[in-house]
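The paragraphs below go from helix geometry to surface and then to confidence.

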Amino acid sequence: MKASEKLLPARILIWSLVIGMLVVGYTIYAQYADEIGQEVTNTIVEALPDFDNAVAKL
C-alpha cells in the first residue's frame, strides 16, 4: 500500500472540515453582513475622526 493511499482518509477528513468551515463562515457573513459593515464603518469613524474633513478638502 502506497503512502498516499494510507493518507487518503485523513485528506478527505481535512478537506471536509475546511469546506464545512467555509460554508459556516459564508453563512454567518451572509446573515450578518449589514451589521459587520456598520461595525467596520463605526470603527473607522472613531479611529479617524477628521478623515471626512480631510477628504472634503481634496
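The expected span of a helix is 1.5 Å times one less than its number of residues. In this predicted model, that rule gives 58 Å for a straight helix of 40 residues, whereas H2 spans only 48 Å between its end C-alpha atoms. H2 also has a kink of about 75°, centred on Tyr32.

H2 covers residues 8–47 and belongs to a chain with 3 helices and 0 strands. Read from the N terminus, the order of elements is α-α-α.

What share of the 58 residues in the chain is buried? Buried residues make up 0%, where buried means under 20% relative accessible area. The accessible surface of the chain is about 5600 Å², and carbon and sulfur atoms account for 68% of that area.

Part of this surface is a nonpolar patch formed by Val24, Ile28, Tyr29, Tyr32, Ile36, Val40, Ile44 and Leu48, with about 740 Å² of accessible area together. Tyr32, a member of the patch, is also the residue on which the kink in H2 is centred. On helices in general, residues three or four places apart point the same way, because an α-helix has 3.6 residues a turn.

The mean pLDDT is 85, and 83% of the residues reach 70 or more. H2 has the highest confidence, at a mean of 91, and helix H3 (residues 51–57) the lowest, at 66.

How values were computed: Residues are numbered from 1 along each chain as its sequence is written. This is a predicted model: local features need pLDDT of at least 70, side-chain atom pairs count only at pLDDT 80 or more; totals for chains, interfaces and linings use all residues. Side-chain values use heavy atoms; hydrogens and water are left out. Patches are made of residues with over 30% relative accessible area and no salt bridge: like charges are joined within 9 Å, nonpolar side chains (Val, Leu, Ile, Met, Phe, Trp, Tyr) within 5 Å. Accessible areas come from the Shrake-Rupley method with a 1.4 Å probe; for residues, only the protein chains shown count as cover. A salt bridge is a side-chain nitrogen of Lys or Arg within 4 Å of a carboxyl oxygen of Asp or Glu. Helices (H or I, at least four residues) and strands (E, at least two) are DSSP runs, numbered from the N terminus. The bend at a residue is the angle between axes fitted to the seven residues ending there and the seven starting there. Buried means under 20% relative accessible area, exposed over 50%, partly exposed in between (1.4 Å probe, protein chains only). pLDDT is the predictor's confidence in each residue, from 0 to 100.
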